[in-house]
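Me: I am new to this structure and would like to learn how to read it. Could you take me through it step by step?

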Amino acid sequence: MRIATIHVGQETNDFNPLPTTIDDFKAFGILEGQEIIEKMAGKGQVGGCVDAMAASGMNVEWVPIVSGWAMAGGRIDTGARLFFEERIGTGLRKAGKVDALALHLHGAAAAEGVDDVEGAQLAICRAVLGPDVPIVLSLDHHANVTRQMVELSTAIVAHRTQPHDTYDTGRLAGDMLVRILRKEIKPVMAWRKIRLVTHQEQFLTSQGPMKAWFDQARNWEAKDKRVLHVALCPMQPWLDVAEGGWTTIVNVDGDRALAEKLADESADFAWSMRQDFMKKDAVSVDDAVRRADQAAKGVVVLSDTGDTVFGGTAGDSNLILEAILRLGIKSKALMPLIEPGTVAKLIAAGEGAEITLPVGGHSSPKFFKPLTVTGRVRKIASGIIKVPVFQQPEHDMGRTVFFEVGPATLMVSEKPGAAGNVPDVYRWFGIEPSDYKMAVLKTASNFQFFKPITSEVIRVDTRGPGQSDVVGLPWQRVPRPMYPMEEPKSWRG
Ligand SMILES: [Zn+2]
């Protein structure tokens with residue numbers, strides 16, 4: 001069997017005004033041809049899919065087309081969107097006859113003037129391959145599933161956990177493809193859009209309402225062999241698009257009536273828990289830094305919910321730094337700051353120099369303003385960092401400067417990299433995070449990398465393009481009424 005594979009991922013945050021460019025994809029590596037299979041071996045959606053198909057014993061000739069991944073961020077600019085559309089179209093045309101396509105996308109990407117980037121990519125694939133070649137689409141669970149995605153794919157799978165296990169998702173896609181190609185199954189999909197956009201604090205699948213919702217899906221799959229996979233996609237809450245909202249997709253072997261019934265039940269269950277999904281744990285900035293300062297031991301993780309780079313924000317919020325300095329906190333604090341202009345000024349000052357300058361708050365004037373601080377330039381570095389971030393084996397965070405301001409060590413970089421969420425990145429630069437009492441993480445969910453050295457996680461109720469106050473975001477395009485902005489009569493609207 002000749003199987004084409006494509007992997008493109010970016011999660012868009014519509015409230016971050018900085019566009020995502022081709023350079024943002026290049027920072028994590030764009031791969032073409034066999035290099036994709038080699039570099040992704042054992043990793044991510046591509047590696048999982050390859051391994052699952054190999055384990056089935058099926059004789060597979062891989063036809064890898066393109067792989068590109070960028071950190072979550074603002075809308076993809078036209079150049080980057082067209083680059084991938086061209087590579088996908090040309091690559092598939094050149095590939096000749098293939099038996100199937102393993103299409104690994106994110107599902108929550110938007111571009112300048114285009115709300116449904118993945119739907120458009122899928123349309124190109126379908127146009128080249130024709131109506132009969134199976135396409136299994138694997139998505140992030142924060143995807144915004146659209147009519148186009150469902151109509152043009154043969155089956156859709158999505159991450160079963162948050163934090164995500166992308167390799168597992170790839171395996172699901174591979175297993176599905178094997179069974180389709182062996183004609184063991186004929187998937188039918190039923191799907192429902194649910195009028196929900198809730199904040200990130202209840203997104204972990206290990207606890208609370210998200211666990212209950214995901215467990216229901218897993219129980220159906222375990223009890224009835226006809227239920228192939230239930231893909232649950234609670235859309236990440238910063239995507240302001242015309243078809244926005246949560247989705248449930250039920251893939252069933254043959255039995256459409258069963259798929260439709262379960263899709264309704266899944267949507268009903270999510271809707272019944274809508275108030276639970278809105279429970280907030282975050283505390284005020286001042287309370288959070290005082291609690292971290294007074295903790296018996298570190299590392300206390302301060303989750304900067306409003307500036308979650310893994311949720312697509314720019315990473316230049318200075319709200320936690322401001323509170324540390326204003327409150328006279330003495331404990332050592334470690335934090336990232338993504339701000340190319342500040343990097344340039346610090347490099348111009350030179351290693352060892354003391355400098356006063358405004359830091360942070362440049363990207364999103366609706367949420368932040370710069371803060372003037374005085375500090376010392378400790379270290380200047382650059383280069384490729386051989387530390388994996390999600391599906392990508394290495395990355396470039398541009399020029400990076402460590403800057404000491406009072407009790408805080410700022411890792412100021414030109415590009416996001418892992419946004420301070422992966423301790424091994426600090427270690428790469430010779431900084432040991434466990435020497436610090438507190439560390440600011442630019443994520444509201446991905447605490448797993450810091451977990452071995454974490455004493456406590458405090459969610460900080462910071463404003464910003466990733467803020468937990470979803471009602472307060474400047475929505476323009478999502479369908480209304482939408483919970484929690486309104487109280488629709490049902491999930492159907
Ligand atoms: Zn996600």
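This is a predicted model: local features need pLDDT of at least 70, side-chain atom pairs count only at pLDDT 80 or more; totals for chains, interfaces and linings use all residues.

Me: Into which domains is the protein chain divided?

Reply: The protein chain is divided into domain 1, which covers residues 2-277, and domain 2, which covers residues 285-467. Taken over C-alpha atoms, the centres of domain 1 and domain 2 are separated by 31 Å. To the contact between them, domain 1 gives 27 residues and domain 2 gives 25 residues. The side of domain 1 that touches domain 2 is made up, by class, of 12 nonpolar, 11 polar and four charged residues.

Me: What is the order of the strands in the open sheet of six strands?

Reply: The order of strands in this open sheet is E2-E3-E1-E4-E5-E6, and the pairing is mixed. At the edges are strand E2 (30-32) and strand E6 (155-158), each of which pairs on one side only. From one strand to the next, the twist averages 15 degrees. As an example of a pair within the sheet, E5 and E6 are joined in the parallel sense over four bridges, and Leu137 stands opposite Ile156 in E6.

Me: Which helices pack on this sheet, and which strands do they touch?

Reply: Helix H4 (residues 78-95) packs on the sheet and touches E1 and E3, with a direction that makes about 175 degrees with that of E3. Helix H7 packs on the sheet as well, touching E1, E4, E5 and E6, and its direction makes about 165 degrees with that of E5.

Me: Which strands does E4 pair with, and in what sense?

Reply: E1 is joined to E4 by six bridges, and these two strands run parallel; here Thr5 stands opposite Ala102 in E4. E4 also pairs with E5 in the parallel sense, over four bridges, and Leu101 stands opposite Ile135 in E5.

Me: What is the pairing in the open sheet of three strands?

Reply: The pairing in that sheet is antiparallel, and the strands follow the order E7-E9-E8. Its edge strands are E7 (187-194) and E8 (227-233), each pairing on one side only, and the twist from one strand to the next averages 10 degrees. Strand E9 (residues 246-253) is joined to E8 by six bridges, the two running antiparallel, and the bridge partner of Val230 in E9 is Val250. Helix H9 (residues 256-272) packs on this sheet, where it touches E7, E8 and E9, and its direction makes about 25 degrees with that of E7.

Me: How do I read a helix, and how many residues of H3 are buried?

Reply: As a general idea, an α-helix has 3.6 residues a turn, so residues three or four places apart point the same way. Helix H3 (residues 44-55) has 12 residues and reaches 16 Å from its first C-alpha to its last, close to the 16 Å expected at 1.5 Å a residue. Nine of its 12 residues are buried, so H3 is largely enclosed by the rest of the structure. Among the buried residues are Gly44, Val46, Cys49, Ala52 and Met53. What covers the buried residues of H3 includes strands E1, E3, E4 and E5, together with helices H2 and H7. After H3 comes Gly57, whose phi is positive, near 85 degrees.

Me: Why does Ala52 count as buried?

Reply: A residue counts as buried when 20 or more other C-beta atoms lie within 10 Å of its own. Ala52 has 22 C-beta neighbours inside 10 Å, and therefore counts as buried. This residue lies in helix H3, and, leaving aside residues up to four places away in sequence, Ala52 touches Arg171, Gly174 and Asp175. Ala52 and Glu35, by contrast, are 17 residues apart in sequence and 19 Å apart in space, C-alpha to C-alpha.

How values were computed
Residues are numbered from 1 along each chain as its sequence is written. The expected span of a helix is 1.5 Å times one less than its number of residues. Two residues are in contact if their C-beta atoms, placed from the backbone, lie within 7 Å. Domain bounds come from an automatic or database domain assignment. Ala, Val, Leu, Ile, Met, Phe, Trp, Tyr, Cys and Pro count as nonpolar, Asp, Glu, Lys and Arg as charged, and the others, Gly among them, as polar. Two strands pair if DSSP finds at least two bridges between them. Axes are lines fitted to C-alpha atoms, for helices over the stretch in contact, and angles run from 0 to 180 degrees between N-to-C directions.
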